[in-house]
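Keep the sequence and the model side by side.

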Amino acid sequence: MIKTQIVIIGSGPGGYTAAFRLADLGKQVTLIERYNALGGVCLNVGCIPSKALLHTAQIINEAKDASHVGVTFNEPLISINGIRTNKDNIVTKLTNGIKTLAKARKINVITGYGRFISANQITIENSDDIIEFEQCIIATGSQVTKIPTLPFDDARVMSSTDALNLSNIPKRLLVVGGGIIGLEMATVYNALGSEITVVELSDQLITSADKDIINPLLRRIKKQYANIFLNTKITKIEALKEGIKVRFEGKNTPKFDTFDKILVAIGRTPNGRLIDCEKAGVEINDWGFIPVNKQMKTNVNNIYAIGDIIGQPMLAHKAIHEAKIAAEVICGYKSGFNALTIPSIAYTDPEIAWTGKTEKELKAEGISYEKGLFPWTNSGRSLSIGRSEGITKGLFDTKIGKILGMGICGTNASELIAEATLAIEMGCDMDDIALTIHAHPTLSETTAFATEMAQGTITDLL
Ligand code: FAD
């Protein structure tokens, strides 16, 4: 029997952040992780490896597009082993870093699969260990959603985790699901030479963002990809010797096509039902999420939950924020989840980023708003870098001009969105943003320009 003050199940961004904060606040912490490497989905098979591969894709694409600045490169010599090694080295550096930081804080890391026996005890599968705890944080995250009828045992049918392994580069790749993860992996495989088809059930890629923010991306990838089928369903998949035969149902789509590989990226499912929560009395909702209050507390007084397991959006920065709250509440602080916005980003090319309310949310909620749309064709910086397809959109309250939301499509949108996120948290109005001096020439100026367009102080565009 191992006795501990706090046990955390899962070492993803939620789990390790909570462990570090608790240890820093003087608690005795046990962290259970089923895999040898710490860091969860984000560090091992999510955010970090995908961004390492996207950086490779960016280098290839920039070299391909360089002729307009008067420089022409030869066709790149691509070493898949080299790309994989670079990605793996980055992942190992970070996961080892988490291990070192845990050790420095004297966190007891247990490798194994944890399940509740009661509201105070957890067993570790295939071991005699029983951990008795005073308080617990569930941070078990989520896993790839699989369509049960698809032949996932065939290596040509990939999840995002398989796709990140880069076992080979298929000639023809079908990406099932036009969401963030599917489109990021499409960006990588396209740069590495695959002919891409994307199939999406709804009428828009990345459905949670506004359509006008997605359009510049759509226009660009329409030229690069073989096909983008919207409003289209897959009704059958057959693993044949010559390829994966797919039957489509949609307007203007072929009935059948055959691909060398398919990537299924239709979402992620929380791991709530896999840890015997009922034995601890922890409630799970119909979608498999664990409901919590603002203090991250479940319905059981000494058990907390954070990260993907508690609901959308399933994002690492949300998990990290919630982890700090849970840790502080356990230590007696008056912390609570009070964030006004959680930014979302697709690291596609161009990138898409949005924060606060989207225009469609404002319409659905009947909130009146002013809108400023600044096309990047009018930005000196975007023209200088040859990427003027972007757009920055600001949404403001009609009465007092308070910022409600912002959406950006374009190079570095992932970095640019931080200003609007802070503005929302600070309750900034149009003047706060428009009268702030933004350095020239920068892409960040587009945030001020979009705001001035909403104010009506910029009316002329190129
Ligand atoms: P996880 O990271 O899922 O960690 C949970 C951990 O718990 C895992 O290590 C798991 O092994 C362990 N575990 C589960 N059950 C048990 C058990 N019973 N016993 C012991 N251990 C257990 N988010 C972003 O914000 N930005 C991005 O760019 C981004 N890119 C992504 C790209 C991809 C391809 C994917 C798949 C996801 C991406 N995400 C991104 C989402 C992000 O990875 C998750 O939101 C984040 O990892 C959630 O953190 P978490 O701590 O809740 O859980």
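Which of the 35 residues around the ligand come nearest? They are Gly10, Gly12, Gly40, Gly141 and Gly307. Bear in mind that this is a predicted model. Several elements give two or more residues to the shell around the ligand: helix H1 (13-24), strand E2 (29-33), helix H2 (40-45), helix H3 (47-64) and helix H9 (316-330). By class, the shell holds 16 nonpolar and 16 polar residues. Three charged residues complete it.

Now turn to a sheet. Five strands form it, in the order E8-E15-E9-E10-E11. The sheet is open, and its pairing is parallel. At the edges are strand E8 (157-158) and strand E11 (227-229), each of which pairs on one side only.

Follow strand E15 (residues 261-264) through this sheet. E15 pairs with strand E9 (residues 172-176) in the parallel sense, over four bridges. Leucine 173 stands opposite lysine 261 in E15. Leucine 174 stands opposite isoleucine 262. E15 also runs parallel to E8, and two bridges join these strands. Here methionine 158 has leucine 263 of E15 as its bridge partner.

Are the residues of E15 buried or exposed? Both faces of the strand are covered. Lys261 and Leu263 are buried on one side, Ile262 and Val264 on the other. Note that a lysine is among these buried residues.

Next, look at helix H12 (residues 413-426). H12 has 14 residues. From first C-alpha to last, H12 reaches 20 Å, close to the 20 Å expected at 1.5 Å a residue. Which residues of H12 are buried? They are Ala413, Leu416, Ile417, Ala420, Thr421, Ala423 and Ile424. The cover over these buried residues includes three strands: E18 (344-346), E19 (351-356) and E22 (403-410). It also includes helix H13 (430-434) and helix H14 (445-455). Just after H12 comes glycine 427, with a positive phi of about 70 degrees.

Two cis peptide bonds deserve a look. One joins glutamine 312 and proline 313, with omega about -10 degrees. Proline 313 lies in the loop between strand E17 (303-305) and H9. H9 is one of the elements that give residues to the ligand shell. Another cis bond runs from aspartate 349 to proline 350, with omega near 5 degrees. Proline 350 sits in the loop between E18 and E19. Both of these strands are part of the cover over H12.

Asparagine 126 has a phi of about 55 degrees. Its place is the loop between strand E5 (121-124) and strand E6 (130-138). Methionine 296 has a phi of about 70 degrees. Methionine 296 lies in the loop between helix H8 (277-280) and E17.

Why does asparagine 126 count as exposed? Because 8 other C-beta atoms lie within 10 Å of asparagine 126, and a residue with 12 or fewer is exposed. Why does methionine 296 count as buried? Because methionine 296 has 29 other C-beta atoms within 10 Å, and 20 or more make a residue buried.

Notes
Residues numbered from 1 in each chain as written. Predicted model: local features only at pLDDT ≥ 70, side-chain atom pairs only at ≥ 80, totals over all residues. Near = placed C-beta within 6 Å. Nonpolar A, V, L, I, M, F, W, Y, C, P; charged D, E, K, R; others polar. Pairing = 2+ DSSP bridges. Expected span 1.5 Å × (residues − 1). Contact = placed C-beta atoms within 7 Å.
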